[in-house]
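Open the structure in your viewer and keep the selection tool ready. The stops below say what to select and what is there.

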Amino acid sequence: MKNILLPTDFSDNSWNAIVYALQLFKNEKCNFYLLNTYTPAIYQVEYVLVEPAQFGMFDAIKETALKNLNDFETRIKDEFKNPKHHIESMAVFNTLIEEIKEIVEKKHMDYVVMGTKGASGIKEVLFGSNTVHVFKSVKCPILAIPAGFGFEKPHEVLFPTDYEIDYQDHHIKPITGITALYNTRVNILNATYGDDLTKIQEGNKHKLEIYFKNTAQLFHSVSGQTVADAINNFQLKARINLLVMINNKHSFFENLFFKNAINQIGFHLNVPFLVIPAKPNKN
């Protein structure tokens, strides 16, 4: 039984991500948790702590959130009618990031699936700020679905790596948990500047060969390209349905996403993106 968290702000974008998750795991027994968080702009801690009764607005906001969640839940049951899927809704007064972190820890989530789009609708921006903060803060595999992406079976997965990670089960299971459901090929891509792999890198590469021994796999190596360029160029020649990265500190992932201004990355993604934390959640 998979536990999957679906944060939503009731936008078309978040509904699109929910639909993707429902279709991706349609043959799996799953608990789906619909989550909406709300923090009114005029919220002041002292009022809530001392005189909450004076602020019925918070109850009204929660009621609206619960109604919208109920509408989404009803829509899911009407449109998908999947007896393998259990839906639970949560409306919570909290910030999105903190609530996701708490739920991931308490309910042992396997994935967080969320919609994403560039901030302010600027096409050059890779992801909105919420998604980036979730990548950085949440110790759970995050599956980010681009706005407007219609579901496709993930037949071709791209997995860029620098082979600097000592791969463990918690790195690979979120990948094989998806690839095992489909006739999927994993393309493992290493971008170098012409240097040979070290013994450590060779050992980590061998680990991947073992982990993916029951999965169709291809190893690719390109030289003289940045990771972003290698990913973009690979997508031009192959129809990738899913991009996978491990969020490892001091790695190319961190350099790609967090050490550049987000609107200067020059990296454009139009397929779902699975981000796996280097360290698992402590539970």
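Start at the surface and select D195, D196, E202 and E209, which gather there in a patch of negative charge. Asp and Glu count as negative, Lys and Arg as positive, while His and the chain ends are not counted. A patch is made of residues with over 30% relative accessible area and no salt bridge, like charges being joined within 9 Å and nonpolar side chains (Val, Leu, Ile, Met, Phe, Trp, Tyr) within 5 Å. Each charge is placed at NZ of Lys, CZ of Arg, CG of Asp or CD of Glu.

Before moving on, note that this is a predicted model, in which local features need pLDDT of at least 70 and side-chain atom pairs count only at pLDDT 80 or more, while totals for chains, interfaces and linings use all residues. Residues are numbered from 1 along each chain as its sequence is written, and side-chain values use heavy atoms, with hydrogens and water left out.

Helices (H or I, at least four residues) and strands (E, at least two) are DSSP runs, numbered from the N terminus. E202 has 42% relative accessibility and counts as partly exposed. Buried means under 20% relative accessible area, exposed over 50%, and partly exposed in between (1.4 Å probe, protein chains only). The areas come from the Shrake-Rupley method.

**Aromatic pairs**

How many aromatic pairs does a search of the whole structure find? It finds nine. Rings of Phe, Tyr and Trp (its six-membered ring) pair if their centres lie within 6.5 Å; planes under 30 degrees apart count as stacked, over 60 as edge-to-face and the rest as tilted.

Select F10 and F72: their ring centres are 5.6 Å apart and their planes stand at 90°, so this pair is edge-to-face. F10 is in the loop between β1 (2-7) and α1 (12-24), and F72 is in helix α3 (residues 57-80), so the pair ties together parts 62 residues apart in sequence. F10 is partly exposed at 22% relative accessibility, whereas F72 is buried at 9%.

Next select Y38 and F93, with ring centres 5.6 Å apart and planes at 80°, so they too are edge-to-face. Y38 sits in the loop between β2 (30-37) and α2 (45-50), and F93 in the loop between β3 (85-92) and α4 (96-107); the pair therefore ties together parts 55 residues apart in sequence. Y38 is buried, at 11% relative accessible area, while F93 is partly exposed at 28%.

**Salt bridges**

A salt bridge is a side-chain nitrogen of Lys or Arg within 4 Å of a carboxyl oxygen of Asp or Glu. The count by this rule is eight.

Select E79 and R75, whose closest N and O atoms are 3.1 Å apart in a salt bridge. They are four residues apart in helix α3, about one helical turn. E79 is partly exposed at 47%, and so is R75 at 35%.

Go to helix α4, where K101 and E98 lie three residues apart, about one turn. Their side chains meet in a salt bridge (3.6 Å, N to O).

Finish with K207 and D166, joined by a salt bridge of 2.6 Å, N to O. This pair links distant parts of the chain, 41 residues apart: K207 is in helix α7, and D166 is in the loop between β6 (156-160) and α6 (169-179). K207 is partly exposed at 28%, as is D166 at 43%.

How values were computed. Accessible areas come from the Shrake-Rupley method with a 1.4 Å probe; for residues, only the protein chains shown count as cover.
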